[in-house]
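I opened a new page for this structure.

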Amino acid sequence: MSDHRHQRFDIVLLDADETVYDFKLAEKTAVSLTLQAFGVEPTDEVVSRYSAINLSCWKALERGELSRENLKPERFRRLFAQIGAGEVDFDAVNAMYEDNLSHQAFLLPGAYEFVEELHKYCKIYLATNGLTIPQTGRYSRCAIRPFTDGIYISEQIGASKPDRAYFDFIFRDLGITDKSRVILVGDSLTSDMLGGRNAGLTTCLYLGGKAPTGSDLCDYEIADYDEFFDILFE
């Protein structure tokens with residue numbers, strides 16, 4: 001890494017799921033274990049149906065249409081209704097799922113090397129819309145933890161990306177006054193990029209195999225982690 005070039009950022013706010021964590025694998029593993037415990041066969045069809053329902057619930061949360069507390073059991077209530085499974089205690093289903101998920105700390109290919117290298121130059125804080133139990137557990141088990149400086153979890157903060165209040169909490173907590181030295185990296189236009197825009201941050205979309213968006217919410221779009229260093233050093 002040619003670090004004689006000008007370094008533009010000192011702090012990286014790094015989204016967790018599908019930016020460095022392999023959330024699809026974590027979710028599939030945790031959902032399968034949970035459904036089996038409640039007598040539901042976790043076929044690929046059922047797991048992918050859960051995934052779609054869960055995503056729609058999180059989008060509703062982003063839009064302010066669903067509270068975080070309601071989201072937790074609601075996603076399983078909807079799944080069981082769709083597949084014709086019986087009524088159970090959906091808070092208990094969710095509690096088991098969160099516990100199972102807290103043990104799944106899979107990383108995306110190349111994420112470990114990226115964070116290890118990046119930490120030589122910047123402070124790195126994970127910035128996630130996740131829930132406290134699974135995200136705290138996964139972070140404690142995650143191989144990149146030694147190369148990060150902390151984690152900000154929306155449930156603990158009481159606000160979620162893209163809400164400006166989420167980022168204001170981080171700025172206050174870290175004593176950030178010069179936002180020009182901070183960059184947000186994430187995979188979501190609706191939470192990460194919009195949130196970064198709302199907060200007055202430079203934004204970088206990690207495409208992770210998806211096509212470039214050309215969205216004006218993004219200052220940068222990168223297809224792989226290595227491209228980020230060209231943004232960091234200009």
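I started with Cys 142, which counts as buried because its relative accessibility is 5%; buried means under 20% relative accessible area, with a 1.4 Å probe and protein chains only. Cys 142 is in no disulfide, and the nearest cysteine sulfur, that of Cys 122, is 18 Å away. A disulfide here is a pair of cysteine sulfur atoms within 2.5 Å. Cys 218 is in no disulfide either; the sulfur of Cys 204 is its nearest, 8.2 Å away. Cys 218 is also buried, at 11%. I found zero disulfides in the structure.

I noted the ground rules. This is a predicted model, where local features need pLDDT of at least 70, side-chain atom pairs count only at pLDDT 80 or more, and totals for chains, interfaces and linings use all residues. Residues are numbered from 1 along each chain as its sequence is written, and side-chain values use heavy atoms, without hydrogens and water.

Next, the cores. A nonpolar core is a set of buried Ala, Val, Leu, Ile, Met, Phe, Trp, Tyr and Cys residues joined through side-chain atoms within 4.5 Å. The largest has 33 residues; Leu 14, Val 20, Leu 118, Phe 228 and Leu 232 touch the most other members. A second, separate core has 24 residues, including Ala 30 and Tyr 50.

I then looked up Leu 14. Beyond its neighbours within four places in sequence, Leu 14 is in contact with residues including Thr 19, Phe 114 and Val 185. Contact means heavy atoms within 4.5 Å.

Key. Buried < 20%, exposed > 50% of the residue type's maximum accessible area, 1.4 Å probe, protein only.
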